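Thanks, everyone. I'll keep this short. Let's look at the structure together.

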Amino acid sequence: FAQALRELTDEGGIAARAARYRANHDACVAGMRAMGFTEFVPENLQGHIITSFLYPTDDFDFGEFYNRLNEKGFVIYPGKVTKANCFRIGHIGHLFPADTDALLTAIRAVAGEMNLSLSPKPT
């Protein structure tokens, strides 16, 4: 706990940490939209801790998507919080903008490997 408090203080406190989480979220959403993914929760109701994205196609294979990302060193979450077909990406913890960029690069590669037909969404 003492180490966690030191890290929080070193980062500039709660506001600075929240700003990093918000930056991770914003970069992730912009990158996912650019690839053609859509968020499940409307933007005006969305927090910056975790974001749910709808499956991009009716025949989307989440298991394959998950496994391919995992092979590249990334873990995302299934979105079984509703009846909607979605998955979730977290933005908190020891994650920084470079990590979000790396995740987006991996998702772009996996989408290509899976031949997903995606259309960019407006940002």
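Start with a cut-off: a residue is called buried when its relative accessible area is under 20%, using a 1.4 Å probe and protein chains only. Keep in mind that this is a predicted model.

Now, Thr51. Where does Thr51 sit? Its place is in strand E1, which covers residues 50–54. Buried or exposed? Thr51 has 0% relative accessibility, so it counts as buried.

Next, the side chain of Thr51. Which side chains does it meet through polar contacts? One is His25, with a polar contact of 3.0 Å. Another is His91, and there the polar contact is 2.7 Å.

Now the wider surroundings. Leave out residues up to four places away in sequence. Thr51 then touches His25 and His91 again, along with Val29, Glu39 and Gln46. Phe87, Arg88 and Ile89 complete that list.

On to the cysteines. How many disulfides are there? The rule asks for a pair of cysteine sulfur atoms within 2.5 Å. By that rule the count is zero. Take Cys28: the nearest cysteine sulfur belongs to Cys86, 14 Å away, and Cys28 is in no disulfide.

To recap: Thr51 is buried, its side chain has polar contacts with His25 and His91, and the disulfide count is zero.

Notes: Residues numbered from 1 in each chain as written. Predicted model: local features only at pLDDT ≥ 70, side-chain atom pairs only at ≥ 80, totals over all residues. Heavy atoms only, no water. Helix = DSSP H or I, 4+ residues; strand = E, 2+ residues; numbered from the N terminus. Buried < 20%, exposed > 50% of the residue type's maximum accessible area, 1.4 Å probe, protein only. Polar contact = N/O pair within 3.5 Å; in protein donor to acceptor, adjacent residues only side chain to side chain. Contact = heavy atoms within 4.5 Å.
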